[in-house]
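Dear colleague,

I am passing on the structure below, together with some notes on what came out of it. Please read the notes with the coordinates open beside them.

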Amino acid sequence: MCGIAGIFGYKPVNQALYDSLLVLQHRGQDSAGIVTMDGRKLYLRKDNGLSRDVFRTRHMIDLRGNVGIAHVRYPTAGCSTSAEAQPFYVNSPYGITLAHNGNLTNAEELKRDLYREDLRHINTTSDSEILLNIFAHELHSLGKLRIIEQDIFKAVAAVHQRCRGAYAVVAMIIGYGLLGFRDPHGIRPIVYGKRETKYGTEYMIASESVALDSQGFELVRDLRPGEVVYIDMKGKLHTYQCAAHTEYTPCIFEFVYFARPDSIIDNIFVHKARSRMGAKLAKKIKRIWPDHDIDVVIPIPDTSRTAALELANSLSVKYTEGFIKNRYIGRTFIMPGQQVRKKSVKQKLNAIDSEFRGKNVMLVDDSIVRGTTSQQIVQMARDAGANRVYFASAAPAVRHPNVYGIDMPSATELVAHGRTEEEIRVVIGSDRLIYQDLDDLIDAVRKIDKSKVAKFDTSVFNGEYITGDVSNQYLEQLELLRSDSAKQHRENTTDVTIGLHNNV
């Protein structure tokens, strides 16, 4: 998962882009980058690390210009070297820079085509660089010295025809302006907004509405599936539907885990969706366990708080905070390497013994992925003196890998893969385990009266991949790329390579 932002303004945008990355930091902690445009020249700073560590005063001073794009990243199947940090840049045609959130499911095929037919070289393992070169090639193939907005729309339309999978994109073309576009399924989120100044209307494009809020931009709307938004150098806004066949099917896991609760995605308030998840979960508990003996509901911070509070209220059970979180430890779900994740849970959470001792505790989390974190937290509750420890997940069992840009483990590393709920309960060590039903999750997220969402991508729960191009062979290859052992091998290989370069 990644976070993207782009701003067209009439004053320097470096600080606003940096502040946007801080707000979007939850979407990626591996690397950060900003590129700005001042007339006919680009200024770039990107590196591995958190935004606050990548950008220093000297870097900010150098990021000149009133138009720019920014990116925070964590890798899905690629490496985590600084060479993979975004935005990426190509000098032909015109000079284009691009940042991307998502994952192309036909990346290998596109890479071969770029080399054999388009005569373009890809220097990283990132499919974002592939996407950039596809867009650049389509613009170049128009054969124009100067382009207009219709030419940009044609190039994006060609990208939609060639690329499969999920992509939300911000890009700049030197001398022409800022643009953003979304895949024909609308899988990954992207919104745009505006603010009025004495110089004229400024525009911002971002992954989540909260980034717009932080910079004083008014949310206009989400980009529609297959749509492009383009702001030219005169500040004029152009929008165009570039894909003929679209389906509004955003990723439901954004609402379960990734998005900030204060964001609005596809006209759905994330906070309210999570509250409804808790209400749905409470109804299930009343139905299957009417004589429950839950004394207290305790959330596993932070994402599950909203669902846990509504669950407790609906059950008329006490709600309390039982875990204190270290704010300086990142999200364990997006940390590389299982050993790092195991260690980080102990560093991240500490139990308040008085809230557990002698009580039957219902722990609530947004989801269960590997089960390792859940297992450790259940044990922490027992060590704190809990009488019985129950566990509820606001999402259904995660049984399948994600192919659209979420760095979930390989299928065999998912605790629910090939296991029954009772077997999962035994693995995590709880006295009872309750999962949300998929239909209830969909009902909790969907806003029939306002949202234009046709359905959601729920592939991690039911294995139904909405793009229709995910074969068993693709999933087998994904298994080889995403396992912890494969990632560790890539990291070791990278370390050796860096060491050799340093010794030259």
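The side chains of Arg 188 and Glu 254 are joined by a polar contact of 3.3 Å, a term that covers a pair of N or O atoms within 3.5 Å, where within protein one must be able to donate a hydrogen and the other to accept it, and where residues adjacent in sequence count only if both atoms are side-chain atoms. The model is a predicted one, in which local features need pLDDT of at least 70 and side-chain atom pairs count only at pLDDT 80 or more, while totals for chains, interfaces and linings use all residues. Residues are numbered from 1 along each chain as its sequence is written, and side-chain values use heavy atoms, with hydrogens and water left out.

Arg 188 sits in the loop between strand S8 (177-182) and strand S9 (191-197), strands being DSSP runs of E with at least two residues and helices runs of H or I with at least four, numbered from the N terminus. With 0% relative accessibility, Arg 188 counts as buried (under 20% relative accessible area, with exposed over 50% and partly exposed in between, for a 1.4 Å probe and protein chains only). Its side chain also reaches the backbone oxygen of Tyr 404, at 2.7 Å.

As for the sheet, 7 strands form an open, antiparallel arrangement in the order S3-S2-S4-S1-S10-S9-S11, two strands being paired if DSSP finds at least two bridges between them. Strand S3 (41-48) and strand S11 (218-222) stand at the edges with a single partner strand each, so one side of each has no neighbour in the sheet. Strand S2 (residues 31-38) pairs with S3 over 8 bridges in the antiparallel sense, and Gly 33 has Lys 46 in S3 as its bridge partner.

Best regards
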